[in-house]
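Reader: Please pick one part of this model and take me through it closely. I would like the side-chain pairing, the packing around it and the setting in the chain.

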Amino acid sequence: MPIGGFAAAAPAAPAAPVEEEEAAPAAQEKTLFNIKLQSFDAAAKPKIIKEIKSMLGLSLVDSKKFVESAPKMMKEGVPKEECEKIVETLKALGGVVVME
């Protein structure tokens, strides 16, 4: 009986490094991103404030303070697809947004 137990454990040990090697590339490919408002075009400030207000659910005053305090983290742990939509929207309005 003990020999069978050791025999089953032996193949499991070499399999573990293979799993770690497979996990390493998966860790490099990020699925969740942080969105940071770097800066904005001064002429587009009202549009950016309105978009931040609707995205983050802030009051108009808080949205204005948020935009004026750029660079500032907008959202954390956002899926890649949603993140790309937000970046496109804000860039179209005149904002500089970074995915981290």
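Author: Start at glutamate 68, which is partly exposed at 40% relative accessibility. Here buried means under 20% relative accessible area, exposed means over 50%, and partly exposed is in between, with a 1.4 Å probe and protein chains only. The model is predicted, so local features need pLDDT of at least 70 and side-chain atom pairs count only at pLDDT 80 or more, while totals for chains, interfaces and linings use all residues. Residues are numbered from 1 along each chain as its sequence is written, and side-chain values use heavy atoms, with hydrogens and water left out.

Glutamate 68 pairs with lysine 45 in a salt bridge, at 2.7 Å from N to O. That pair links distant parts of the chain: glutamate 68 sits in helix α3 (residues 60–68), lysine 45 in helix α2 (residues 45–56), and 23 residues separate them. A salt bridge here is a side-chain nitrogen of Lys or Arg within 4 Å of a carboxyl oxygen of Asp or Glu. Helices (H or I, at least four residues) and strands (E, at least two) are DSSP runs, numbered from the N terminus. Lysine 45 is partly exposed, with a relative accessible area of 23%.

Glutamate 68 also forms a salt bridge with lysine 64, at 2.9 Å from N to O. Those two are four residues apart in helix α3, so about one helical turn separates them. An α-helix has 3.6 residues a turn, so residues three or four places apart point the same way. Lysine 64 is partly exposed too, with a relative accessible area of 41%. Together, Lys45, Lys64 and Glu68 are linked in a network of salt bridges.

How many salt bridges does the rule give? The count is three. Glutamate 82 is partly exposed at 35%, and lysine 75 is partly exposed at 22% relative accessibility.

Now the helix pair. α2 and α3 pack at an angle of about 115°, with their axes 9 Å apart. The axes are lines fitted to C-alpha atoms, for helices over the stretch in contact, and angles run from 0 to 180 degrees between N-to-C directions. The crossing of α2 past α3 is right-handed. A crossing is left-handed if the near helix is turned anticlockwise from the far one by less than a right angle, and right-handed if clockwise.

Which residues meet? On the α2 side they are Lys45, Ile48, Ile49, Ile52, Lys53 and Leu56, and on the α3 side Leu60, Ser63, Lys64, Phe66, Val67 and Glu68. By class, this contact has seven nonpolar, one polar and four charged residues. Contact means heavy atoms within 4.5 Å. Ala, Val, Leu, Ile, Met, Phe, Trp, Tyr, Cys and Pro count as nonpolar, Asp, Glu, Lys and Arg as charged, and the others, Gly among them, as polar.

Next, the buried side of α3. Ser63, Phe66 and Val67 are buried there. They cover an arc of only 95° around the axis, so they lie on the same side of α3. The arc is that of the directions from the helix axis to the C-beta atoms. The cover over the buried residues of α3 includes β1 (32–40), α2 and β2 (72–79). On the face turned away from this buried side, α3 carries the exposed residues Val61 and Lys65.

Leaving out residues up to four places away in sequence, serine 63 touches Ile49, Ile52, Lys53 and Leu58.

Lysine 50 belongs to helix α2. It is exposed, at a relative accessible area of 60%. Lysine 50 and valine 67 are 17 residues apart in sequence, and their C-alpha atoms are 9.9 Å apart.

Proline 71 lies in the loop between α3 and β2. The peptide bond from alanine 70 to proline 71 is cis, with omega near 5°. Most peptide bonds are trans.

Last, the setting. The chain has four helices and three strands, running α-β-α-α-β-α-β from the N terminus. Buried residues make up 19% of its 100 residues. Among contacts between residues at least 6 apart in sequence, 68% join residues at least 24 apart.
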